[in-house]
Amino acid sequence: MKNYTITIFCIAVLTTLGAMSFDTLKENKVTTIDELEQQINNADPGDTIIMASQVWKDVKIKFKGKGTADQPIVLTVEKRGETILAGNSSLEIGGEHLVVDGLVFREGYAKGRVAIKFKIKDQVAKYCRMTNVVVDHYNPADRFEKTSWVEVYGKENEIDHCYFGGKLNAGVLMAVKLNNLESRENKHHIHHNHFGYRPKLGSNGGETLRVGVSTYCNESSQTIIENNLFDRCSGEVEVVSIKSSENIIKDNLFVACDGVLALRHGDRNVVSGNYFLGEDSKNAGGVRVINGGHTIKNNYFQDLKGKRFFGALPVMNGVPNSLPNRYIRAHDVNIEDNYFFNCDHIELCVGSDRERTQTPDHITIQNNTFYYTDKKEVFTVLDDISGFTFKNNKYKNDGSPLKYNKGMKPLKESFTKNEAGLYESKSFQPKVPVTKEVCGPSWYQASNTVKALSKEHYKVEDYTSLVEAVEKAQNGAVIEITSEKIVFEDAIHLKVELAIINKSEKRVKLYYENNPKQKSFFVIENGGSLTIEGLDLNGRSQVGIAKAGISTSKSPMIQHYNLVIDNCSFHHFEASDYCVFRAYTSTFADQIVIKNSEFYNISGVALNINGQAENKGRYSAEEVIIDNCKFENVMTGAMEITRLGNDESTTGPYVSLTNCDFIDVGNKELGSAVLLWGVQKLNVDQLFFFNSGRSGRTIRFEDPNWAVANINNILSIESGRFESYYPRLGENITTVSSEMSKEQALSKKKSMQIGFQESAKKGS
């Protein structure tokens with residue numbers, strides 16, 4: 001498709017922004033690209049260019065010119081919600097007193113990296129406004145192809161009443177740029193916008209709004225961010241990332257955002273009047289404090305469960321003699337008149353380790369209210385807090401004496417929840433600064449981010465009827481296999497969320513009679529998710545062996561998926577690196593649950609969830625739960641779950657590995673029966689190893705120092721060593737090195753009541 005470039009040239013007198021008038025000298029409606037090009041070249045100050053209600057595909061608009069405060073040049077639409085910029089479309093704004101109103105970007109993405117840029121080559125935008133603009137699910141196919149939706153240059157530009165939601169790929173959604181002299185001390189005004197759903201990226205680079213970068217963090221930006229709604233913005237730890245000085249972030253509403261407002265670089269920023277409502281989302285946070293001269297005042301924090309960098313109020317240690325792009329300790333910060341209700345983690349001296357040894361200094365915490373009826377301590381201290389001063393703070397806890405009680409006194413008044421779900425008292429009547437109704441365009445209905453699930457139920461008895469059911473099924477459909485076996489002819493590709501189950505006592509056999517191209521059984525494509533139950537997958541055929549039982553698509557998947565395997569068996573995937581499940585690069589699972597299942601006679605890694613090869617802190621699944629499973633005669637290893645690199649901006653992966661057996665697993669030279677690299681939260685309990693990891697490790701856990709790891713109740717007989725960078729082994733770790741038969745080992749396991757319990761359904 002041809003890319004069109006549309007340039008608007010207009011000349012007028014430069015004035016200050018003031019109040020914009022939409023009185024026009026003439027209106028020019030255009031229905032074709034040629035008409036648009038012809039009309040815009042003749043536009044005068046005060047004119048309006050109206051784009052017709054239609055889909056404008058692969059259009060690059062350059063809106064360039066000079067208007068006045070009283071007569072801006074307006075680019076708008078015939079009818080709001082019906083002028084769609086799709087495909088490879090983008091907008092650049094350069095000049096003064098220009099207004100963009102009502103455009104919708106959807107059904108495509110800007111291949112030039114930025115969808116909307118307040119700059120054309122070297123000409124920045126000044127005193128310009130973007131209002132009622134929508135960018136909704138404007139994403140490439142590859143989740144790690146980096147794009148931005150908005151880049152703001154110049155001075156005193158206004159972005160208001162816009163909607164930005166459904167950004168699924170890497171790259172900051174909106175960035176205020178300080179890369180040139182004309183863009184500093186900019187006084188941009190970003191207000192009454194709705195920043196909508198952004199799921200976890202599984203990597204750094206998922207900020208929703210960023211002001212500056214570390215290179216220019218000492219420069220004054222003076223951007224005002226107020227009265228915006230941040231709604232489920234969870235791309236990474238920094239929902240709003242402040243990397244410059246003298247900004248004001250006030251009266252915004254954060255709802256169920258797994259992340260924080262991070263004062264990451266720069267000084268003298270003001271955070272006031274914001275409401276942070278966690279809604280018990282497990283990684284929701286508040287304000288992270290780094291650098292100096294900040295004021296954090298009159299904010300409201302409720303039900304925030306995030307910890308460490310994701311906490312309600314992490315005040316950070318620094319690196320001695322740090323360069324700007326690392327960590328400068330929090331210093332000269334005033335934290336006052338804030339209210340904290342049921343926030344799990346307020347942590348002081350966060351990041352304390354062998355590198356970040358410089359503790360915060362001249363931190364004043366005064367006149368704050370801490371209300372935790374079921375907690376003992378108000379905050380957690382991780383290092384020396386002699387640089388903190390506490391004055392006139394009030395608290396309510398579970399009644400226990402505080403360990404750190406200086407400057408703290410018990411609350412005398414009680415709080416109750418009002419109709420809006422906020423805590424109030426006689427002297428304190430909170431009210432959220434904005435609502436959804438006043439943020440974003442009132443006329444736009446955002447794309448639904450929650451899949452509607454059907455109640456379809458299909459019964460199938462052979463491969464043909466199974467394929468037909470998969471092709472017809474809608475999200476949430478259940479396909480029940482009623483026969484004893486399904487002979488596969490080709491891989492089944494899943495593009496919706498569905499379950500394939502068997503209700504009989506005996507597992508249904510799935511196999512190929514001939515598989516010369518070595519195809520898998522199930523492939524999860526973009527938009528798909530899979531639950532299987534009661535199935536027996538045999539990888540061996542008369543000709544050829546299946547490469548995998550289940551895999552993701554080899555092509556990038558922009559949408560997240562889920563996988564559940566219950567009461568299944570996988571066996572005879574016994575060639576090269578063939579496996580039971582493989583997650584390919586640029587795919588991401590919200591959750592993988594594998595339970596009550598058996599895996600045997602496998603050459604590769606049975607569960608290969610290490611699809612991201614770069615040392616960038618990327619990973620392939622947020623949560624992996626493996627319970628009551630048996631792995632036997634698996635040559636390379638039972639599982640590899642990795643997050644390479646040491647980036648700290650993400651929450652996962654979380655791995656729970658419980659009640660499992662590993663027999664003759666991972667005996668390659670320098671191999672591992674279980675490899676867990678970079679897992680941030682780990683629960684290991686009730687494992688049995690026999691003759692596994694002999695030439696390397698039974699469990700290799702390459703963990704960052706901040707990882708939370710519980711490793712308990714393991715019986716290891718004639719197996720390799722446990723290896724982790726930090727000491728992690730807990731209680732009841734029994735290692736037996738003397739020779740023992742398999743039967744003797746199983747008898748000892750049974751006596752200790754550890755490991756796999758036989759499933760109810762059986763395959764042949």
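In this predicted model, helix H1 spans residues 33-40. Its buried residues are Ile33, Leu36 and Ile40. Viewed along the helix axis, these buried residues fall within an arc of 60°, so they line one face of H1. The face turned away from that buried side carries exposed residues, Asp34 and Gln38.

Strand E65 covers residues 654-665 and is mostly covered. Nine of its 12 residues are buried. Several strands pair with E65. Strand E62 (residues 621-627) runs parallel to E65 and is joined to it by five bridges. Here Val624 stands opposite Val655 of E65. Strand E63 (residues 630-634) is also parallel to E65, with four bridges between the two. Glu632 has Ile663 in E65 as its bridge partner. Strand E67 (residues 681-690) is joined to E65 by nine bridges, again in parallel. In this pairing, Ser656 faces Asn683 of E67. In a regular strand, side chains alternate between the two faces of the sheet.

Aromatic contacts form a further theme. The count comes to 39 aromatic pairs. One of them joins Phe164 and Phe195. Their ring centres lie 5.4 Å apart and their planes meet at 25°. Planes under 30 degrees apart count as stacked, so this pair is stacked. Phe164 belongs to strand E18 (residues 163-165) and Phe195 to strand E21 (residues 194-195). The pair therefore ties together parts that are 31 residues apart in sequence. Phe164 is buried, with a relative accessible area of 0%. Phe195 is buried too, with a value of 0%.

Tyr300 and Phe341 make another aromatic pair, this one tilted. The distance is 5.3 Å centre to centre, with 35° between the planes. Tyr300 sits in strand E33 (residues 300-302), and Phe341 in strand E36 (residues 339-341). The pair links distant parts of the chain, 41 residues apart. Tyr300 has a relative accessible area of 1% and is buried. Phe341 counts as buried at 0% relative accessibility.

Phe164 and Phe195 also belong to one aromatic cluster.

The charged end of Lys282 sits over the ring of Tyr654, 6.0 Å from its centre. Lys375 lies over the face of Tyr372, and its distance from the ring centre is 4.8 Å.

Technical notes:
Residues are numbered from 1 along each chain as its sequence is written. This is a predicted model: local features need pLDDT of at least 70, side-chain atom pairs count only at pLDDT 80 or more; totals for chains, interfaces and linings use all residues. Side-chain values use heavy atoms; hydrogens and water are left out. Rings of Phe, Tyr and Trp (its six-membered ring) pair if their centres lie within 6.5 Å; planes under 30 degrees apart count as stacked, over 60 as edge-to-face and the rest as tilted. Buried means under 20% relative accessible area, exposed over 50%, partly exposed in between (1.4 Å probe, protein chains only). A charge sits over a ring if NZ of Lys or CZ of Arg is within 6 Å of the ring centre and within 35 degrees of the ring normal. The arc is that of the directions from the helix axis to the C-beta atoms. Two strands pair if DSSP finds at least two bridges between them.
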